[in-house]
Amino acid sequence: MWLRRRAAPAKPAAADGRAADSTEDASCSGQGAEAPSPWVLRFAARVPPGSRVLDVACGRGRHARLFAEQGCLVDAVDIDVEAGAALAGVPGIRFLRADLEGGPWPFAGRQFDAIVVTRYLHRPLLPLLAEALAPGGLLIYETFTVGHERFGRPTNPAFLLRSRELLDAFGQQLAVLAFEEGVIGLPRPARISRLCAVRATGDAHLRLDAHR
């Protein structure tokens, strides 16, 4: 699916503004059948086998599967029970159903070698994501920005990044390896912002040709 659903356990009508605003059309089927984001693929090779990876708001698990196939140990979290069903029994993936917006941060005290977030924004989580990166850990983030409204949902400003907001959120704590902002055409037209940053502990973590 193109737009992340913040679903309740069953399938009633959306109970909050974000769900109503961002639920995908019925014609948009299974994120599990969708290819990983090119932005995530661009940096995935920097995450070696055995790394601890967190996939936030994982949906049907396209990125959880990507890193599990690389030999990583993946924690995938989402509120949607269908996400857990899609990932049940997949080697290397541990799924946790949690309400990231209405409940406590479920990974308090834990750190990860890589954290992946796509098509999802809950601003109170941003500092928690930075804190959850282990030394040398990689953050890969990509989601919609203000101006996406002309292409479709989400249209609620609460779920649209402001210009350069990712840089403002992470630029002081992490070393930014890459940042892009603009319009893409595939898999559907969208206005997005995307960032890759590392909790650097030395120049080795800033090498642009690392793991390539």
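Predicted model: local features only at pLDDT ≥ 70, side-chain atom pairs only at ≥ 80, totals over all residues.
**Salt bridges and cores**

If you're wondering about the general idea, side chains of opposite charge can pair when their charged atoms come close. How many salt bridges turn up in the whole structure? The search finds 11.

Here's another one. Arg 60 and Glu 82 form a salt bridge, with 2.6 Å between the closest N and O atoms. Again, distant parts of the chain get linked: Arg 60 is in the loop between β1 (52-56) and α3 (62-69), while Glu 82 is in helix α4 (residues 81-87), 22 residues apart. Arg 60 is partly exposed at 24%, and Glu 82 is partly exposed at 21%.

Next up, Arg 123 bridges to Glu 165, with closest N and O atoms 2.6 Å apart. Now, is Glu 165 buried or exposed? Glu 165 counts as buried because its relative accessibility is 8%, and the cut-off for buried is under 20%. Arg 123, at 23%, is partly exposed.

Some bridges share partners, and that joins Arg 42, Glu 142, Glu 180 and Arg 194 into one network.

Let's move on to the nonpolar side. Nonpolar side chains in soluble globular proteins tend to be buried together. In this model, the largest nonpolar core has 28 residues, and Val 56, Ile 115, Leu 129, Tyr 141 and Phe 170 have the most contacts inside it. At least two core residues come from each of β1, β4, α5, β5 (133-144), α6 and β7 (190-198).

Take a look at Tyr 141 on the screen. Leaving aside residues up to four places away in sequence, Tyr 141 touches a whole list of residues, including Trp 39, Leu 129, Phe 170 and Arg 194.

And there's a second, separate core: this one has 26 residues, among them Phe 43, Phe 67, Cys 72 and Val 198.

Methods: Residues numbered from 1 in each chain as written. Heavy atoms only, no water. Salt bridge = Lys/Arg side-chain N within 4 Å of Asp/Glu carboxyl O. Helix = DSSP H or I, 4+ residues; strand = E, 2+ residues; numbered from the N terminus. Buried < 20%, exposed > 50% of the residue type's maximum accessible area, 1.4 Å probe, protein only. Core = buried A, V, L, I, M, F, W, Y, C linked by side-chain atoms within 4.5 Å. Contact = heavy atoms within 4.5 Å.
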